[in-house]
Amino acid sequence: MCSQATGSQEKQSEPKSHPSGRAQAAGARAAGAARGPVFPVSDHCDGRVFFNTPTHINRTWLEVLRWKRSARPGPWPKWVHVEQQAPVPAPGGGAVALTWINHSTFLLQGEFGALLTDPHFSRRAGPLGLLGPVRVHAPGVAFEQLPHIDTVLLSHDHYDHCDLASLRRLARRDDPLVVTPLGNGALVRRAGLRRVVELDWWEEAPELTGGLRVTCTPARHWSNRVRGPRNGRLWGGFYLKTPSRRIYFSGDTGYHESLFSTIRSRLGGPDLAMLPIGAYEPRWFMQPQHCSPEEAVRIHCEVGAARSVAMHWGCWQLADEGREEAPELLEQELARCGLAREAFQAIKPGESLVV
Ligand code: ZN
Ligand code: ZN
């Protein structure tokens, strides 16, 4: 979980602010050198700890306290009724059907079979199913209604994305292949999933069924759970290429001026992007890790998406904005930029579209 997981981090050492990725790299390199690297050393990893470049901000406990003391959360209902849907039939002819289930969970169907992003069907987004915020709407598609899932894309270890209970259910029922950034494999295997591909940023998985190619893309975020080292598992997004479609799932990310144009120049503008619009207030705290709806529109433009769908809002209250503020701001920003509403839609849970 992105913001409120902070309450579950007491067992971790005190988080520190790092003014630059270089400074963090130097410090962590010194600490990691004695034990030897576990991951490839790169511009975002010292061998053991991952970081964003050129700057990586770890919030201090003082900052968390400052946020919580001054927080004036906007309104969130206790429950929002959602009409659960049966998944649409898998399309043919190279098309891809997308269904939003909740938060960052999407069902994608195409000639590659059925795929889920960050599958989360549990009540709470937190450790042990006992802590963390409670969902305010049912999944748009019930777990039991899902088609056989061939592939899971897991973007990072936060509790609102990596739900071990949902992964366990999928492992037992469908035994899917999981594609995830470096360092998440052991966590995923704990849920009983046997087939796991771990990728570094810009690395591509071996070709999947239906000619699906999956590349892990950089994101500006971080990672942490109750157990395991802070930033010891990589976070990221995924860029999917089928023989006829390009689809981008950003994962959780803050905005950065060159990141998304780089993704576009290396992989091409996607036919469809899934971009986060929620958990962005207060900006002074959230900006390095979560984009606002205005920034999401910039990402949509800079990554060159033909159309985008909003995610990471409406299910769990993770930050201070009210539940309806994110889609409202998204609409205002589209109008301000002269973009059609259809260019970047906040669809309902259970709603589908075909590209
Ligand atoms: Zn998140
Ligand atoms: Zn996160």
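## A positive patch on the surface

In this predicted model, four arginines gather on the surface: Arg168, Arg172, Arg190 and Arg227. Together they form a patch of positive charge.

Take Arg190 from that group. Arg190 belongs to helix α4, which covers residues 185-190. Is Arg190 buried, partly exposed or exposed? Its relative accessible area is 44%. Buried means under 20% and exposed means over 50%, so Arg190 counts as partly exposed.

## Two cis peptide bonds

Most peptide bonds are trans. Where does this chain have cis bonds? One cis peptide bond joins Thr53 and Pro54, with omega about 0 degrees. Pro54 sits in the loop between α1 (21-33) and α2 (61-70).

Another cis peptide bond links Glu281 to Pro282. Here, too, omega is about 0 degrees. Pro282 lies in the loop between β10 (272-276) and α6 (283-286).

Most residues other than glycine have a negative phi. His103 has a positive phi, near 45 degrees. Look for His103 in the loop between β1 (97-102) and β2 (105-110). Is His103 buried or exposed? With a relative accessible area of 1%, His103 is buried.

Asn231 also has a positive phi, near 60 degrees. Asn231 is placed in the loop between β7 (213-217) and β8 (237-241). Why does Asn231 count as buried? Because its relative accessibility is 1%, and the cut-off for buried is under 20%.

Key
Residues are numbered from 1 along each chain as its sequence is written. Chains are lettered from A and ligands numbered from 1 in the order in which they are written. This is a predicted model: local features need pLDDT of at least 70, side-chain atom pairs count only at pLDDT 80 or more; totals for chains, interfaces and linings use all residues. Side-chain values use heavy atoms; hydrogens and water are left out. Patches are made of residues with over 30% relative accessible area and no salt bridge: like charges are joined within 9 Å, nonpolar side chains (Val, Leu, Ile, Met, Phe, Trp, Tyr) within 5 Å. Accessible areas come from the Shrake-Rupley method with a 1.4 Å probe; for residues, only the protein chains shown count as cover. A salt bridge is a side-chain nitrogen of Lys or Arg within 4 Å of a carboxyl oxygen of Asp or Glu. Lys and Arg count as positive and Asp and Glu as negative; His and the chain ends are not counted. The place of a charge is taken as NZ of Lys, CZ of Arg, CG of Asp or CD of Glu. Helices (H or I, at least four residues) and strands (E, at least two) are DSSP runs, numbered from the N terminus. Buried means under 20% relative accessible area, exposed over 50%, partly exposed in between (1.4 Å probe, protein chains only).
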